[in-house]
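Visitor: I would like to learn how to read a protein structure. Please take me through it one feature at a time.

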Amino acid sequence: MKTIWEQSREFFANAFDTLGLAWWIEIVTQNPKCTYYFGPFLSSTEAKAAVKGYVEDLEQEGAQGIAIDVKRCKPDVLTIAEDLGELIDRKVQPVFSGQV
């Protein structure tokens with residue numbers, strides 16, 4: 001259950017986001033070629049404190065060539081994957097062990 005402070009913080013972060021005043025973490029990876037947005041945050045300090053956790057998660061998933069930018073923005077899409085179709089194709093191909 002969220003505390004009143006957590007609920008207030010979330011409310012204001014969403015309000016700031018609606019106005020385009022929220023802070024976001026933009027992480028661009030070279031392999032896979034993706035751009036990720038994490039947020040919204042009320043301050044750049046709050047966003048910078050969260051960077052380490054997001055980077056660690058991406059590194060554990062095998063991401064390489066990571067560039068980070070903390071900025072005010074209002075992303076329309078939270079994940080932009082230029083080679084996502086290629087990744088999806090590999091995951092969805094069925095493997096048959098017998099004749100069909």
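Visitor: Is Phe 38 buried or exposed?

Guide: This is a predicted model, so every value here is computed from predicted atoms. Burial is judged by relative accessible area, and under 20% counts as buried. Phe 38 has a relative accessible area of 18%, so Phe 38 is buried.

Visitor: Which strand holds Phe 38, and which helix holds Tyr 54?

Guide: Phe 38 lies in strand S2, residues 34-41, while Tyr 54 lies in helix H2, residues 44-60. The pair therefore ties together parts that are 16 residues apart in sequence.

Visitor: How is the pair of rings of Phe 38 and Tyr 54 described?

Guide: A pair of aromatic rings is described by the distance of the centres and the angle of the planes. For Phe 38 and Tyr 54 the centres are 4.0 Å apart and the planes are at 15°, so this pair is stacked. The cut-off behind that word is planes under 30 degrees apart.

Visitor: How many aromatic pairs does the structure hold?

Guide: The structure holds 2 aromatic pairs. In the pair of Tyr 36 and Phe 38, the ring centres are 6.3 Å apart and the planes are at 20°, so these rings are stacked as well.

Visitor: What is the relative accessibility of Tyr 36, and what is the relative accessible area of Tyr 54?

Guide: Tyr 36 is at 13% relative accessibility and counts as buried. Tyr 54 has a relative accessible area of 26%, so Tyr 54 is partly exposed.

Visitor: How many residues of S2 are buried?

Guide: S2 is mostly covered, with 7 of its 8 residues buried. One of the residues in S2 is Thr 35, which counts as buried at 16% relative accessibility. Leaving aside residues up to four places away in sequence, Thr 35 touches Glu 26, Ile 27, Val 28, Leu 78, Thr 79 and Ile 80.

Visitor: In which sense do S1 and S2 run, and how many bridges join them?

Guide: Strand S1, residues 23-29, runs antiparallel to S2, and 6 bridges join the two. One place to look is Ile 25, whose bridge partner in S2 is Phe 38. S1 and S2 form a hairpin, with 4 residues between them.

Visitor: How many bridges pair S2 with S4?

Guide: S2 pairs with strand S4, residues 79-81, over 3 bridges in the antiparallel sense. Cys 34 stands opposite Ala 81 in S4.

Visitor: How many disulfides does a search of the whole structure find?

Guide: A disulfide is a covalent bond between the sulfur atoms of two cysteines. The search of the whole structure finds 0 disulfides. As for the cysteines themselves, Cys 34 is buried, with a relative accessible area of 5%. Cys 73 counts as buried too, at 18% relative accessibility.

Visitor: Which residues does the cis peptide bond with omega of about -5° join?

Guide: That cis bond joins Asn 31 and Pro 32. Pro 32 is found in the loop between S1 and S2. The peptide bond from Gly 39 to Pro 40 is also cis, with omega near 0°, and Pro 40 lies in strand S2.

Visitor: How far does helix H1 reach from its first C-alpha to its last?

Guide: H1 covers residues 4-19, which is 16 residues, and reaches 23 Å. That is close to the 22 Å expected at 1.5 Å a residue. Just after H1, Gly 20 takes a positive phi of about 80°.

Visitor: What pattern does the protein chain follow along the sequence?

Guide: The pattern is α-β-β-α-β-β-α, and the secondary structure comes to 3 helices and 4 strands.

Visitor: What share of contacts between residues at least 6 apart in sequence joins residues at least 24 apart?

Guide: In the protein chain, 62% of those contacts do.

Visitor: What share of the 100 residues is buried, and what does the accessible surface come to?

Guide: Buried residues make up 24% of the 100 residues. The accessible surface of the protein chain comes to about 7,400 Å², and 55% of that belongs to carbon and sulfur atoms.

Methods
Residues numbered from 1 in each chain as written. Predicted model: local features only at pLDDT ≥ 70, side-chain atom pairs only at ≥ 80, totals over all residues. Heavy atoms only, no water. Expected span 1.5 Å × (residues − 1). Phe/Tyr/Trp six-rings, centres within 6.5 Å; stacked < 30°, edge-to-face > 60°. Buried < 20%, exposed > 50% of the residue type's maximum accessible area, 1.4 Å probe, protein only. Contact = heavy atoms within 4.5 Å. Areas by Shrake-Rupley, 256 points an atom, 1.4 Å probe, with all protein chains shown as cover. Pairing = 2+ DSSP bridges. Disulfide = S-S within 2.5 Å.
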